Amino acid sequence: MENKPSLKSRLLTLRQTGVNRLISLIYGQPMQVLPAGHVGLAGAVVLWYLHEGFRHFVLIKNPKVGDGKARFISCLGLGNQADMPAALTHILTQNLGDIFAGTLPKNALNTDKVASAPLFSYTDEALGVTTPVQAMVWVVQIQQPQIELITTGKENAVVLVPEFAMSSNQVSPTHKALYQAVQRQLPKMRMLTPPAERQAEEAISTLGATTPRTIH
């Protein structure tokens, strides 16, 4: 026998819907009031490859949005997707193109391959509200030739950051923390002496926005 919601639960749902609509009307965008203790969900994928003896990481940036700093492919919330692997795959394809996304192992973002799950605080600057966010972080190794298959939109640019330059001011502080969270999951390598700070900044290369290429 199907359990029908009680009158009390229906009234609470109606009230919640009304409050959400009112807040959305006030702020001019979809909003939702959440209970105390709510924790958000985020996802990120740390893409890396070897070049000249150093690990390099693939990040993106949009100079016209936020602080313009470089970030790993990431998303806050699930959007319209069923789970975080699906949401992150969707964002990755949007940002780096379906050709590049198609070169990644099909199981690369399975839930059993999560490398780290750090807890962060996210502050909505428009609302002044800080919410705890549980991040799910994956680590995926790629090969340098795959970089040539990346296509971005008109606004985004790909940023290739050698490991010794991950402390650069060009990288978002939150995403520096994501890198720190997965360091133990990266293969151990012989330590090389990093260049001076200025050289480290110069070692970061940016690939401008590109249009889809024809693969022959």
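These are my notebook entries on one predicted model.

**Entry 1: overall layout**

I started with the secondary structure. The protein has 5 helices and 7 strands. I read the order of elements from the N terminus as α-β-β-β-α-α-β-β-β-α-α-β.

Next I looked up burial. The chain has 216 residues, and 35% of them count as buried. The exposed surface comes to about 13,800 Å². Carbon and sulfur atoms supply 54% of that surface.

Then I checked contact range. Among contacts in the protein with a separation of 6 or more, 70% are between residues 24 or more positions apart.

I picked strand 2, residues 54–61.

I listed the pairings of strand 2. With strand 1 (residues 40–51), strand 2 pairs in the antiparallel sense over 5 bridges. With strand 6, strand 2 also runs antiparallel, and 6 bridges join the two.

I noted one residue pair from each side. Histidine 51 has phenylalanine 54 of strand 2 as its bridge partner. Phenylalanine 57 stands opposite valine 161 in strand 6.

**Entry 2: the turn at glutamate 52**

I went to the hairpin of strand 1 and strand 2. There are 2 residues between the strands. Glutamate 52 sits in this loop.

Glutamate 52 is not a glycine, yet its phi is positive, at about 55°. Most residues other than glycine have a negative phi.

Is glutamate 52 buried or exposed? I read 67% relative accessibility for glutamate 52, so this residue counts as exposed.

**Entry 3: aromatic pairs**

I ran through the ring pairs. The search of the whole structure gives 3 aromatic pairs.

Phenylalanine 54 and phenylalanine 164 make one of them, edge-to-face, with 4.7 Å centre to centre and 75° between the planes. I checked where the two rings come from. Phenylalanine 54 is in strand 2 and phenylalanine 164 is in the loop between strand 6 and helix 4, so the pair ties together parts that are 110 residues apart in sequence. Phenylalanine 54 has 19% relative accessibility and counts as buried. Phenylalanine 164, at 18%, counts as buried too.

The rings of phenylalanine 57 and tyrosine 179 have centres 5.4 Å apart. Their planes lie at 70°, so I logged this pair as edge-to-face. The pair links strand 2, through phenylalanine 57, to helix 4, through tyrosine 179, across 122 residues.

I looked up burial for both. Phenylalanine 57 is buried, with a relative accessible area of 0%. Tyrosine 179 counts as buried at 6%.

Which residues form a cluster with phenylalanine 57? I found Phe57, Phe72 and Tyr179 in one aromatic cluster.

**Entry 4: arginine 55**

I turned to charges. The search of the whole structure finds 1 salt bridge. The side chains of glutamate 163 and arginine 55 form it, at 2.9 Å from N to O.

Why does this pair tie together separate parts of the chain? Glutamate 163 is in the loop between strand 6 and helix 4, whereas arginine 55 is in strand 2, so the pair ties together parts 108 residues apart in sequence. I checked cover as well: glutamate 163 and arginine 55 are both buried.

Arginine 55 lies over the face of tryptophan 48, at 5.7 Å from the ring centre.

**Entry 5: serine 172**

Last, I looked at the loop between strand 6 (157–162) and helix 4 (173–182), where serine 172 lies. Serine 172 is at 2% relative accessibility, so I logged serine 172 as buried.

What does serine 172 touch, leaving out residues up to four places away in sequence? I found Lys69, Ala70 and Arg71. For lysine 69 I also took the C-alpha separation from serine 172, which is 5.2 Å. Along the chain, serine 172 and lysine 69 are 103 residues apart.

I collected what I had for the loop between strand 6 and helix 4. Phenylalanine 164 lies in this loop and pairs with phenylalanine 54. Glutamate 163 lies there as well, tied to arginine 55 of strand 2. Serine 172 is in this loop too.

Note on methods
Residues are numbered from 1 along each chain as its sequence is written. This is a predicted model: local features need pLDDT of at least 70, side-chain atom pairs count only at pLDDT 80 or more; totals for chains, interfaces and linings use all residues. Side-chain values use heavy atoms; hydrogens and water are left out. Helices (H or I, at least four residues) and strands (E, at least two) are DSSP runs, numbered from the N terminus. Buried means under 20% relative accessible area, exposed over 50%, partly exposed in between (1.4 Å probe, protein chains only). Contact means heavy atoms within 4.5 Å. Accessible areas come from the Shrake-Rupley method with a 1.4 Å probe; for residues, only the protein chains shown count as cover. Two strands pair if DSSP finds at least two bridges between them. Rings of Phe, Tyr and Trp (its six-membered ring) pair if their centres lie within 6.5 Å; planes under 30 degrees apart count as stacked, over 60 as edge-to-face and the rest as tilted. A charge sits over a ring if NZ of Lys or CZ of Arg is within 6 Å of the ring centre and within 35 degrees of the ring normal. A salt bridge is a side-chain nitrogen of Lys or Arg within 4 Å of a carboxyl oxygen of Asp or Glu.
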